[in-house]
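Student: Could you walk me through how to read a few features of a model, one at a time? I would like the general idea and then the case at hand.

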Amino acid sequence: MALNPNQQMSSVRLYRIAHGRTGDKGDRSNISVIADRPEFYEAILAQVTVDCVRRVFQHRKPGKISRYELPRIHALNFVLDDVLDGGVNDALNLDSHGKGLAGFLLDVEIMVPAALLVAELA
């Protein structure tokens, strides 16, 4: 279902309509965003872009960011280079694996058709 520009939209934090997972390998973080319902995928796909992710993680100064679309499971996967302060063996921060990074991304606000939210958030 494509987003209709004429329908009424509502702002919602991503964690209300999706969940996330985070993994790491060296100085690279892998963050997945999975829609809780297939109906939310189009809004997530349209708005959770590489530019959006770069803004969220600007404080970590990411290098390359790649986005992979997984429409069969209504998910996006982002790979962020250079965001873990060198990786688990080099980092001095409290979250050297970057397990909390999905939480940062899930706090983003996106616009979703209001009709979808009535059923989901009621």
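Student: Is L106 buried or exposed?

Tutor: The idea is to look at relative accessible area: buried means under 20%, exposed over 50%, and partly exposed in between, with a 1.4 Å probe and protein chains only. L106 has a relative accessible area of 13%, so L106 is buried. A word on the source: this is a predicted model, in which local features need pLDDT of at least 70 and side-chain atom pairs count only at pLDDT 80 or more, while totals for chains, interfaces and linings use all residues. Residues are numbered from 1 along each chain as its sequence is written, and side-chain values use heavy atoms, with hydrogens and water left out.

Student: Where is L106 found, and with which residues is L106 in contact?

Tutor: L106 is found in helix α3; helices (H or I, at least four residues) and strands (E, at least two) are DSSP runs, numbered from the N terminus. Contact means heavy atoms within 4.5 Å. Leaving aside neighbours within four places in sequence, L106 is in contact with R13, L14, Y15, A18, H19, G20 and V33. Take G20: it is 86 residues from L106 in sequence, and the two are 7.1 Å apart in space, C-alpha to C-alpha.

Student: How many residues has the largest nonpolar core?

Tutor: A nonpolar core is a set of buried Ala, Val, Leu, Ile, Met, Phe, Trp, Tyr and Cys residues joined through side-chain atoms within 4.5 Å. Here the largest one has 31 residues, and those with the most contacts inside it are L14, I17, I44, V48, L105, I110 and V112. At least two residues of this core come from each of β3 (28–35), α1 (41–47), α2 (50–56), β5 (75–81), α3 (101–106), β6 (109–113) and α4 (114–121). As for V48, its contacts beyond four places in sequence are L14, V53, R67, L76, F78, L105 and I110.

Student: How many salt bridges does the structure hold?

Tutor: A salt bridge is a side-chain nitrogen of Lys or Arg within 4 Å of a carboxyl oxygen of Asp or Glu. The structure holds 5. One of them joins D81 and R28, with the closest N and O atoms 2.5 Å apart. This pair links distant parts of the chain, as D81 is in strand β5 and R28 in strand β3, 53 residues apart. D81 is buried because its relative accessible area is 17%, whereas R28, at 42%, counts as partly exposed.

Student: What about R67 and E69?

Tutor: They form a salt bridge too, the closest N and O atoms being 2.6 Å apart. R67 counts as partly exposed at 23% relative accessibility, and E69 is partly exposed at 47%. The side chains of R37 and E39 also meet in a salt bridge, at 3.3 Å from N to O. R13, D107 and E109 are linked in a network of salt bridges.

Student: How do I read an aromatic pair?

Tutor: A pair of aromatic rings is described by the distance of the centres and the angle of the planes. Rings of Phe, Tyr and Trp (its six-membered ring) pair if their centres lie within 6.5 Å; planes under 30 degrees apart count as stacked, over 60 as edge-to-face and the rest as tilted. By this rule the count comes to 1 aromatic pair. F57 and F104 form that edge-to-face pair, 6.2 Å centre to centre with 70° between the planes. F57 lies in the loop between α2 and β4, F104 in helix α3, 47 residues apart. F57 is buried, at 0% relative accessibility, whereas F104 is partly exposed, at 42%.
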